[in-house]
Amino acid sequence: MHIDIFTLFPDMFTGPLTESILKRAQEMGKLSLRLHDIRSWTVDKHNTADDTPYGGGGGMIMKPEPIVAAVEDIVPQDADVPVILLSPQGRLFTQDIAYQLSQNEHIALVCGHYEGIDERVIELVITDEISIGDYVLTGGELAAMIIVDAVVRLLPGVLGAPDAHCYDSHSTGLLEGPHYTRPPMFHGLPVPDVLLSGHEANIEKWRRQASLRRTWQRRPDLLLTAELSKDDKAFLLTLAQEDIEQRGMRPGG
Ligand code: ADE
């Protein structure tokens with residue numbers, strides 16, 4: 001996969017993109033990543049990339065000319081490359097969107113900064129707008145790094161085991177349950193017996209139920225869209241009954 005990133009602050013990317021799995025993905029040739037400094041496409045002697053907003057108001061707006069010139073120079077216009085603006089106004093990033101993006105051979109990420117970006121950039125070169133959450137960052141750079149990380153780990157061969165991401169939280173529509181490693185007892189806290197039993201079917205059942213329990217407790221909204229078997233639904237009913245009993249309530253009471 002090839003990823004072009006357009007930013008006013010290319011140095012921000014140095015740590016996250018040159019360590020660990022993203023570093024390995026590049027060394028293995030699974031990922032080629034190019035950072036483009038938008039300021040290189042400014043034409044005045046002060047390299048001005050922002051200006052005051054028409055209509056007044058606080059903050060500065062990123063000027064359209066350098067961004068549009070940068071994207072037009074770098075991204076092939078005829079190749080259906082998604083050009084994604086990171087902004088709090090975008091659609092909310094999810095694991096599903098990460099999967100969809102990972103199917104592309106080439107994507108481009110444009111990092112907004114300051115108060116925002118001239119709207120004509122969006123009309124002319126942006127094909128998608130993504131937000132990583134309902135909060136406002138100082139710029140799109142951290143959001144771009146998060147998207148690169150979530151997308152690149154899905155590329156075939158990037159994680160150790162071929163199906164390593166299939167059981168991730170959100171890949172199954174549910175949260176993952178707890179994990180344990182050695183030692184079997186730590187500060188008086190034991191690893192659940194079933195995980196030491198070697199009984200694969202029981203372990204799988206325990207993991208599924210732990211995942212359902214955690215989702216029920218922390219993100220019940222996910223249960224509305226998750227794929228659930230008859231056994232899953234029966235287990236969720238027992239969780240609901242447990243909750244009702246703990247609150248000293250009776251159904252309908
Ligand atoms: N830029 C500023 N805030 C952002 C957010 N929440 N997501 C993506 N880009 C942003």
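**A helix and the ligand shell**

Author: In this predicted model, helix α4 covers residues 95–102, and its buried residues are Q95, I97, A98, L101 and S102. When one looks down the axis of α4, these buried residues fall within an arc of 160°, and therefore they line one face of the helix. As for what this face meets, the buried residues of α4 pack against the strands β5 (83–92), β6 (106–111) and β8 (128–131), and also against helix α6 (141–152).

The ligand has 13 residues around it, of which S87, I132, G133, Y135 and L137 come nearest. For three of these residues, the backbone can be followed to a nitrogen atom of the ligand: a backbone N or O atom of S87 lies 3.2 Å from such an atom, a polar backbone atom of I132 is 3.0 Å from one, and a polar backbone atom of G133 is 3.1 Å from one. Taken alone, the ligand exposes 260 Å², and the protein buries 96% of that area.

How values were computed: Residues numbered from 1 in each chain as written. Predicted model: local features only at pLDDT ≥ 70, side-chain atom pairs only at ≥ 80, totals over all residues. Heavy atoms only, no water. Buried < 20%, exposed > 50% of the residue type's maximum accessible area, 1.4 Å probe, protein only. Helix = DSSP H or I, 4+ residues; strand = E, 2+ residues; numbered from the N terminus. Arc of directions from axis to C-beta. Contact = heavy atoms within 4.5 Å. Near = heavy atom within 4 Å. Polar contact = N/O pair within 3.5 Å; in protein donor to acceptor, adjacent residues only side chain to side chain. Areas by Shrake-Rupley, 256 points an atom, 1.4 Å probe, with all protein chains shown as cover.
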